[in-house]
Amino acid sequence: PTDYNQCLNTTLTQETAKFNTLLDKMHLSLYTIQRALKGLVVLSTELDQMGTQMYNQFVPDLWSKVAYPSLKPLNPWIDDLTGRLNFIGDWIEHNQPPVFWLSGFFFPQGFMTGMLQTNSRKYAIPIDTLGLEFTVYKVGYEQITEAPEDGVYTYGCYMDGARYDWDTGRVEDSLPGVMYTPLPVIRFK
């Protein structure tokens, strides 16, 4: 971290390293398969499998081994990866965002630990004695422009088999045919 009290910078560094590993693997494998298709290198079994998986809209195993968990087909996965990279890039370019995309991290637990460590250092309290409080806000993440004094605002969480009713602020049954529903902004403190 550039600042002792900004423990989330460590999270940013770790996330950036994981994304760079994934991007390096993608770049190298795509470059190699292009060369193999031109006949400049031998098409290995691994590259042949990668090509078949991409043709069938699956994320290649070569990438999945170093990627975040996902069940998305290839095109939505690429869109998701682009969104994650933009989130991390904005954080790097413009400092910490007011709201964090919790499901956009490789390791959300590390992010939560960084948040706890920030408060631990700020108030000189041992981290293992801290607990978490959370508040659900009836707003979308785009509406929040400033970070809270303590804790973090997050978005990107979903409910499975239930939904959050924005009008009543309660958990309700899912609507027919809707399996997953997004939660509003949650502040963890």
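**Core, loops and pockets in a predicted model**

Reader: Which residues does Leu43 touch, not counting residues up to four places away in sequence?

Author: The model is predicted: local features need pLDDT of at least 70, side-chain atom pairs count only at pLDDT 80 or more, and totals for chains, interfaces and linings use all residues. Residues are numbered from 1 along each chain as its sequence is written, and side-chain values use heavy atoms, with hydrogens and water left out. Contact means heavy atoms within 4.5 Å. By that test, Leu43 touches Ile33, Ala36 and Asp48.

Reader: Is Leu43 buried, partly exposed or exposed?

Author: Leu43 sits in the loop between helix 1 and helix 2. Buried means under 20% relative accessible area, exposed over 50%, partly exposed in between, with a 1.4 Å probe and protein chains only. Leu43 has a relative accessible area of 40%, so the class is partly exposed.

Reader: How many helices and strands does the protein chain have?

Author: Elements are DSSP runs numbered from the N terminus: helices are H or I with at least four residues, strands are E with at least two. From the N terminus on, the order is α-α-α-α-β-α-β-β-β-β-β-β-β. The totals are five helices and eight strands.

Reader: What share of contacts between residues at least 6 apart in sequence joins residues at least 24 apart?

Author: The chain has 189 residues, of which 34% are buried. Its C-alpha atoms fill a box of roughly 60 × 50 × 30 Å along the principal axes. Among the contacts asked about, the share is 58%.

Reader: What is the span of helix 1 from its first C-alpha to its last?

Author: Helix 1 has 30 residues. The expected span of a helix is 1.5 Å times one less than its number of residues. For helix 1 that expectation is 44 Å, and the model comes close to it with 43 Å.

Reader: Which elements do the buried residues of helix 1 pack against?

Author: Several residues of helix 1 are buried, including Leu8, Phe19, Leu22, Met26 and Ile33. The packing partners of the buried set are helix 2, helix 3, helix 4, strand 1, helix 5 and strand 3.

Reader: Which residues is Phe111 in contact with, leaving aside its neighbours within four places in sequence?

Author: Phe111 is one of the residues with the most contacts inside the largest core. Its partners are Leu8, Thr11, Phe100, Leu102, Phe105, Val152 and Thr154.

Reader: What is phi of Asn95?

Author: Asn95 lies in the loop between helix 4 and strand 1. At 60% relative accessibility, Asn95 counts as exposed. Its phi is positive, although Asn95 is not a glycine, with a value near 70 degrees.

Reader: What is phi of Gln57?

Author: Gln57 lies in the loop between helix 2 and helix 3. It is partly exposed, with a relative accessible area of 30%. Gln57 is not a glycine, yet its phi is positive, about 65 degrees.

Reader: Which residues are the closest to the centre of the largest pocket?

Author: A pocket is an open set of points on a 1 Å grid over the protein atoms alone, where a 1.4 Å probe fits, with protein on both sides within 12 Å along at least five of seven lines; lining residues have an atom within 4 Å of a point. Points are joined across faces, edges and corners, and a volume is the space filled by probe spheres set on the points. The volume of the largest pocket is about 500 Å³. Of its 17 lining residues, the closest to the centre are Pro69, Lys72, Arg84, Ser103 and Tyr158.

Reader: Which element gives the most to the lining of the largest pocket?

Author: Ala, Val, Leu, Ile, Met, Phe, Trp, Tyr, Cys and Pro count as nonpolar, Asp, Glu, Lys and Arg as charged, and the others, Gly among them, as polar. By these classes the lining has ten nonpolar, three polar and four charged residues. The top contributor, with three residues, is strand 4.

Methods. A nonpolar core is a set of buried Ala, Val, Leu, Ile, Met, Phe, Trp, Tyr and Cys residues joined through side-chain atoms within 4.5 Å.
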